[in-house]
Amino acid sequence: MKIKKIHVFVFLVGTFFLSASAGFACYIAKIAPYTDAINRYAAQNNISPALIKAMIKVESKFRPDAVSHRGARGLMQIMPRTGREIAANLNIENYNDDMLFDPEINIRFGAYYIRRLLDLFGGNLSLALAAYNAGMGNVGRWKRETPMIAVDLSKIPFQETKAYVKNVRRAYKFYEGAEKLRRLLTLTSKP
């Protein structure tokens, strides 16, 4: 009986690592073209690269040409009005809204904007993500009307925003885990 349990355990562990490595390969293929920009702008804005990857996954599924039904553009789905505001803050000359389809610009703007929202909401990731999705004015009002919103996501009145925050946080954990797995595999593959 004990041997059967060991075989089942070995099978389950092997299956886990096989599926994890397949998922990891897919992760590498989709994120690879943007890794340098993600790392650069994450460092520049003192945020985790895994957060940017998670936001890109949820926002556009890694499509630099994505356009939302509301007009948000690119990998991190920046609204043109927000893009113009960020371009002015970063002193980018000759900016135009089509530049949001350039992954380098889009990631730079998205990282800058989420950093700004994190600062505005005291480092609260859920509120910053909610503001990224629903607007800082809405989240500021929600926070004033329902102070518990800062710790209880069920208090977010927009279902889309509630789902967005949950999905980004889930993807964030995945990308953090994928990065740990990548480091582990790198360490174990060295002679």
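Trainee: Which residues of α5 are buried?

Mentor: Keep in mind that this is a predicted model. The buried residues of α5 are I105, N106, I107, F109, G110, A111, Y112, Y113, I114, L117 and L118.

Trainee: What do the buried residues of α5 pack against?

Mentor: They pack against α2 (35–44), α3 (49–60), α4 (80–89), α6 (125–134) and α7 (136–145).

Trainee: How many residues does α5 have, and what does it reach from its first C-alpha to its last?

Mentor: Compare the span with the expected one. Helix α5 covers residues 103–120, which is 18 residues, and reaches 25 Å, close to the 26 Å expected at 1.5 Å a residue.

Trainee: Which residue caps the N-terminal end of α5?

Mentor: D102 does, with a side-chain oxygen 2.9 Å from the backbone nitrogen of E104. Just after α5, G122 takes a positive phi of about 60°.

Trainee: Where do R115 and D119 lie?

Mentor: First the general idea. An α-helix has 3.6 residues a turn, so residues three or four places apart point the same way. Here, R115 and D119 both lie in helix α5, four residues apart, about one turn of the helix. They form a salt bridge, with the closest N and O atoms 3.0 Å apart.

Trainee: How many salt bridges are there?

Mentor: The count comes to seven. Another of them joins D97 and R84, whose closest N and O atoms are 2.6 Å apart. D97 lies in the loop between α4 and α5 and R84 in helix α4, so this pair ties together parts that are 13 residues apart in sequence. R84 is partly exposed, at 43% relative accessible area.

Notes
Residues are numbered from 1 along each chain as its sequence is written. This is a predicted model: local features need pLDDT of at least 70, side-chain atom pairs count only at pLDDT 80 or more; totals for chains, interfaces and linings use all residues. Side-chain values use heavy atoms; hydrogens and water are left out. Helices (H or I, at least four residues) and strands (E, at least two) are DSSP runs, numbered from the N terminus. The expected span of a helix is 1.5 Å times one less than its number of residues. Buried means under 20% relative accessible area, exposed over 50%, partly exposed in between (1.4 Å probe, protein chains only). Contact means heavy atoms within 4.5 Å. A polar contact is a pair of N or O atoms within 3.5 Å; within protein, one must be able to donate a hydrogen and the other to accept it, and residues adjacent in sequence count only if both atoms are side-chain atoms. A salt bridge is a side-chain nitrogen of Lys or Arg within 4 Å of a carboxyl oxygen of Asp or Glu.
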